[in-house]
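I set out to record the pockets, cavities, sheet pairing and backbone geometry of one model. The entries below follow the order in which I looked things up.

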Amino acid sequence: MGTLIAGGTLVDGTGAAGKRADVRITGRHVSEIGIGLSADGDDVIDARGAVVAPGFIDIHTHFDPTLFWDPTCDPMALHGVTTILYGSCGLSLAPVRPDRRAELTEVFCYIEDLPVAAFDAAIPWTWERYPAYLDAMAEGRYGLNVAGLVGHNPLRLFVMGDEAWERPATETERSRIAHLLDESLAAGAFGMSTSQGFDQDRTGRKVPSRMCDDAELSTLIDVLADRGRFLQFIADPHAKHMPASVRRVAELCAPRGLVNTWISVLHDDQRPDDARNMLDLSATLQAEGSPCYPQITPRSFDVQVNWDGGMSFMNMPQGWHRVVQASRPDKAPLLNDPTWRATARAEWDRTAFTMIRHHRPENIRLLSVTRPEHERWLNQTFDQLVAERGGHPSDVLADWVLDNDLEPGVVGTAIANGDVAGVAEMLVHPAGVIGNSDAGAHQQMFCAVGDTTLLLTRHVRDRGDLTIERAVHGLTGRLAGLFGFEGRGVVHEGAIADVTVFALDELHWDLDNFVSDLPAGGQRLRRPPGGYRATIVDGVVVAEHGEPTAARPGRLLRR
């Protein structure tokens, strides 16, 4: 017995026009496509008035640790996603020496804003090298298919130890790093990720991959090209430096024709030409022979401040970042200290950019309070608080944090991608690919799940920026072809049965909310279900009408 998806419009992931068709699934594969197919004992999914499409692929996530405490990656399947790629931004859980596990945990948790307690409670660390890690992952059963990149940072740390943070690799070290990379790819890693222009640890040190020189990067590109894989990288996010950062990596990849994909391109309504210029640059690089693909997310970046170790004030190391990184007992004394306050005021004034855009107080929203007398400020903006209380904004914020027991809800809104028309311009640019969701990371700052639903509701249904065929192709077949997800991303007879069923007028993209389901009692922001009728992974229904099933047919994918 299989499954018959009956009465829907098939949008097959190739970009071809949708057509009326029934789809039969037998075992793990699509076995028949036609009109008027009989059930013949199959379970029937009613797709009348709905689209039948390949399951969506997310090429930029950080679910590496999450898979050990939530094998379903909730709520990804509830937004049509059937395959994820993790190991992004130069970070992966292998290779790692036993005496470096705490170091890797600390870097991972700081950069991706995850609680260390969750890591310590859930990660088994039964491996050192990447092949053993993949063997451990292959033992799991998941709510969707999972695939991994190997991170440049753990490769360098494994070979160079402390000096990975300090300098380029020697010729001998380059050879050893390249061998580790090749070993990881041979075991099934889909590629390598690196951070070349961003990321630092809690103390402000640049991550090891940023110490890499062209000789090392070229060596690793050769290994990737020989294995037919790809490179994912973080470009320098600074507008003045981004073009050179992207061109450097893309031009190193060009002689080998290595597919390279990068993140950092976002629409800034104060600098609206920057994103267009970067997309045009990528188109030029593609024409010159480098398959260079910037990743575009439709989601506006709203960041909730994590007062217990987050990155929101990373550009204010002596003032607000110091408070955020301090232990709970040390926070109030710092906030009350006149010397700290003077330092914080000066740093606030001279710092051009922080993650919550502190110089745009009208975009900072007061989301929650801890005392009844402050409830009138709920959903008001920080500029209103400053206007009423008076004084320097840094001092006003310090008092507000103290008045709310060190945990007020403070959200920086529209940090980037706040202009919907500007986002639409990026999405339709032919040089880009849909990606950079960051799902699984920053779970105490925002929920990055649901980009698929936002794209379909806002940019297909409501605005008409994309046709349904182009949007589905961008979420499925195009990504599968570029990044090596063989047998996925399309619906045709013989294809692996990763399928999602939805009606555009039934979809909804809702605001995230906190749930307490992380190991050791941690909280995360979760987006409600998106209104999909069904999501099918490897021929098995994993979600139906907004509810997950108990099935876990997903598996580790190896190249």
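**Entry 1: the second largest pocket**

I sorted the lining residues of the second largest pocket into 10 nonpolar, eight polar and five charged. For this sorting, Ala, Val, Leu, Ile, Met, Phe, Trp, Tyr, Cys and Pro are nonpolar, Asp, Glu, Lys and Arg are charged, and the others, Gly among them, are polar. I note at once that this is a predicted model, in which local features need pLDDT of at least 70 and side-chain atom pairs count only at pLDDT 80 or more, while totals for chains, interfaces and linings use all residues. Residues are numbered from 1 along each chain as its sequence is written, and side-chain values use heavy atoms, with hydrogens and water left out.

I found about 530 Å³ of space in the second largest pocket. It is lined by 23 residues, and Asn306, Trp307, Asp308, Gln444 and Gln523 are the closest to its centre. Helices α1 and α2 (116–122) each supply at least two residues of that lining.

I keep the terms here. On a 1 Å grid over the protein atoms alone, a pocket is an open set of points with protein on both sides within 12 Å along at least five of seven lines, a cavity is a set of points where a 1.4 Å probe fits but cannot get out, and lining residues have an atom within 4 Å of a point. Grid points are joined across faces, edges and corners, and a volume is the space filled by probe spheres set on the points. Helices (H or I, at least four residues) and strands (E, at least two) are DSSP runs, numbered from the N terminus.

**Entry 2: the largest pocket**

I read a volume of about 1,500 Å³ for the largest pocket. Its lining holds 50 residues, and Phe198, Pro237, His238, Leu266 and Phe353 lie nearest the centre. By class, the lining has 25 nonpolar, 14 polar and 11 charged residues. Which element gives the most to this lining? I found that α8 does, with four residues. The elements that each supply at least two residues are α1, α7 (242–253), α8 (273–287), β14 (301–304) and β16 (409–416).

**Entry 3: threonine 105**

I then looked at helix α1 (residues 101–112), where threonine 105 is found.

**Entry 4: cavities**

I searched the whole structure and found four cavities of 30 Å³ or more. The largest cavity holds about 130 Å³ of space. Of its 16 lining residues, Ile57, Asp58, Ser437, Asp451 and Thr452 are the closest to the centre. Both β6 and α15 (451–462) supply at least two residues of this lining, which divides into nine nonpolar, five polar and two charged.

The second largest cavity has a volume of about 50 Å³. Among the residues that line it are Pro95, Arg97, Leu104 and Phe158. I noted α4 as the element that gives the most to this lining, with three residues. The lining divides into six nonpolar, no polar and three charged residues.

**Entry 5: a three-stranded sheet**

I traced an open sheet of three strands in the order β14-β16-β15, with antiparallel pairing. Its edge strands are β14 and β15 (364–368), each pairing on one side only. Strands β14 and β16 pair over three bridges, where pairing requires at least two bridges found by DSSP. Phenylalanine 301 stands opposite alanine 416 in β16.

**Entry 6: backbone geometry**

Most residues other than glycine have a negative phi, and most peptide bonds are trans. I therefore listed the exceptions that follow against that background.

- The bond from aspartate 74 to proline 75 is cis, with omega near 0°; proline 75 is in the loop between β6 (56–58) and β7 (81–86).
- The bond from alanine 94 to proline 95 is cis, with omega near -5°; proline 95 lies in the loop between β7 and α1.
- Asparagine 379 has a positive phi, near 65°; it is partly exposed, with a relative accessible area of 48%.
- Alanine 520 has a positive phi of about 65°; it is exposed, with a relative accessible area of 64%.

Methods
Buried means under 20% relative accessible area, exposed over 50%, partly exposed in between (1.4 Å probe, protein chains only).
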